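Have a look at the model first, then read on.

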Amino acid sequence: MEMTLRWYGSKFDSVTLKQIRQIPGVTGVITTLYDTAPGDTWETEAIRRLKAEVEESGLHISGIESVNIHDAIKTGSPDRDMYIDHYIKTLERLGQQDIHMVCYNFMPVFDWTRTELARVRPDGSTVLAYNQKAVDSIDPAKMFDSIFGDSNGFILPGWEPERMAKIKELFALYQDVDDEKLFANLKYFLEAIMPVCDKYDINMAIHPDDPAWSVFGLPRIIITLPNIQRMMRMVDNPHNGVTFCAGSYGTNPENDLPGMIRALKGRIHFAHVRNLKHNYPGDFEEAAHLSADGSFDMYEIMKALHDIGFAGPIRPDHGRMIWDEVAMPGYGLYDRALGAAYLNGLWEAIEKA
Ligand code: DNO
């Protein structure tokens with residue numbers, strides 16, 4: 001594995017490349033052109049500039065998170081082919097710049113969903129949290145206002161104000177899209193992009209739906225092992241793989257995380273490893289990466305990745321806000337750096353054992 005950190009670019013991130021470079025064992029960043037919109041074709045020059053900036057700091061780009069997918073592709077609307085062409089062009093340009101891993105998601109309307117961005121934990125840190133009752137009682141159109149109010153002024157990935165302003169229209173677009181249609185639209189997209197992935201050796205790594213069930217009545221498909229296996233079988237190409245996000249799959253306590261990792265051997269192209277704490281059915285909050293702070297056995301997760309010979313990029317995920325840091329919720333420096341150090345420690349111990 002290669003330890004990495006997510007970085008949104010110097011215009012958008014409170015964390016600098018210099019700081020990332022000083023986290024022991026972190027050699028790469030996972031980044032994106034954060035000011036592109038889903039459906040845009042990425043400019044070669046912009047990719048080059050990003051790459052040069054990262055490399056000047058002594059790091060390199062280990063992958064992209066995310067190249068977002070336009071709603072026309074997810075809903076299968078008549079103009080999808082145009083947006084798929086844009087996507088293919090973007091992949092081609094990334095491949096030409098020697099970038100070989102792209103994380104994306106196929107979630108309708110919302111990317112990840114949380115009901116609180118700053119729930120206070122007993123140690124005084126704040127974390128992202130989810131409460132099903134709160135979701136059931138809120139109008140999705142209001143969700144954005146409550147989320148945005150707590151975001152420290154940062155634009156959260158997947159919650160861009162321009163998209164959220166059109167939320168009613170977005171919901172209408174998905175009116176006739178159920179799980180089966182979403183699977184079919186994903187298949188259509190994957191079949192179209194596999195040739196360019198084969199040509200440039202680009203590993204596509206689909207991110208799970210977070211939380212791993214339907215919210216606001218929208219279809220959600222990347223939530224369980226059988227569904228991932230269905231997705232991989234329907235376009236059976238090693239470049240069609242997954243981001244194994246422990247925190248997202250782990251929202252459902254029935255997902256056996258180490259077991260899933262073992263079953264996905266060879267098709268995990270990227271790993272997000274973080275911990276969360278289940279308080280009671282329908283309520284969870286994020287935790288420190290340390291096993292003892294949450295509900296997951298982080299040793300078993302890292303052990304499973306080690307056992308399958310996982311060699312791709314891995315990153316700590318959603319840190320707590322600690323030590324008075326002001327940053328994008330989940331994406332401060334301090335707790336993610338602690339997470340990276342802890343995961344590196346587990347890995348070293350597993351290797352030496
Ligand atoms: C949340 C992230 C997601 C992820 C996208 C991938 O913090 O893990 O926003 O980047 O779903 O496209």
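A polar contact here is a pair of N or O atoms within 3.5 Å; within protein, one must be able to donate a hydrogen and the other to accept it, and residues adjacent in sequence count only if both atoms are side-chain atoms. With that in hand, a polar side-chain atom of Y331 sits 2.7 Å from a ligand oxygen. Keep in mind that this is a predicted model, where local features need pLDDT of at least 70, side-chain atom pairs count only at pLDDT 80 or more, and totals for chains, interfaces and linings use all residues. Residues are numbered from 1 along each chain as its sequence is written, and side-chain values use heavy atoms, with hydrogens and water left out.

**Ligand contacts**

- N105 has a side-chain N or O atom 2.9 Å from an oxygen of the ligand, and for R6 a polar side-chain atom lies 3.2 Å from a ligand oxygen.
- The protein buries 99% of the 330 Å² that the ligand exposes when taken alone (Shrake-Rupley areas with a 1.4 Å probe).

**The shell around the ligand**

- There are 14 residues around the ligand, and E65, S66, D111, H318 and Y331 are the closest (a residue counts if one of its heavy atoms lies within 4 Å).
- Strand β4 (residues 101-105) gives the largest share, three residues (strands are DSSP E runs of at least two residues, helices H or I runs of at least four, numbered from the N terminus).
- Sorted by class, the shell holds five nonpolar, five polar and four charged residues (Ala, Val, Leu, Ile, Met, Phe, Trp, Tyr, Cys and Pro are nonpolar, Asp, Glu, Lys and Arg charged, and the others, Gly among them, polar).

**Pockets**

- A pocket is an open set of points on a 1 Å grid over the protein atoms alone, with protein on both sides within 12 Å along at least five of seven lines; a cavity is a set where a 1.4 Å probe fits but cannot get out, and lining residues have an atom within 4 Å of a point.
- The ligand takes up space in the largest pocket (more than half of its atoms lie within 2 Å of the grid points).
- That largest pocket holds about 810 Å³ (the space filled by probe spheres set on points joined across faces, edges and corners).
- Its lining has 49 residues, with P38, N68, G158, E160 and R163 nearest the centre.

**Cavities**

- Three cavities reach 30 Å³ or more, and the largest cavity holds about 140 Å³.
- Among the 13 residues lining the largest cavity, N68, K74, N105, G158 and R163 are closest to its centre.
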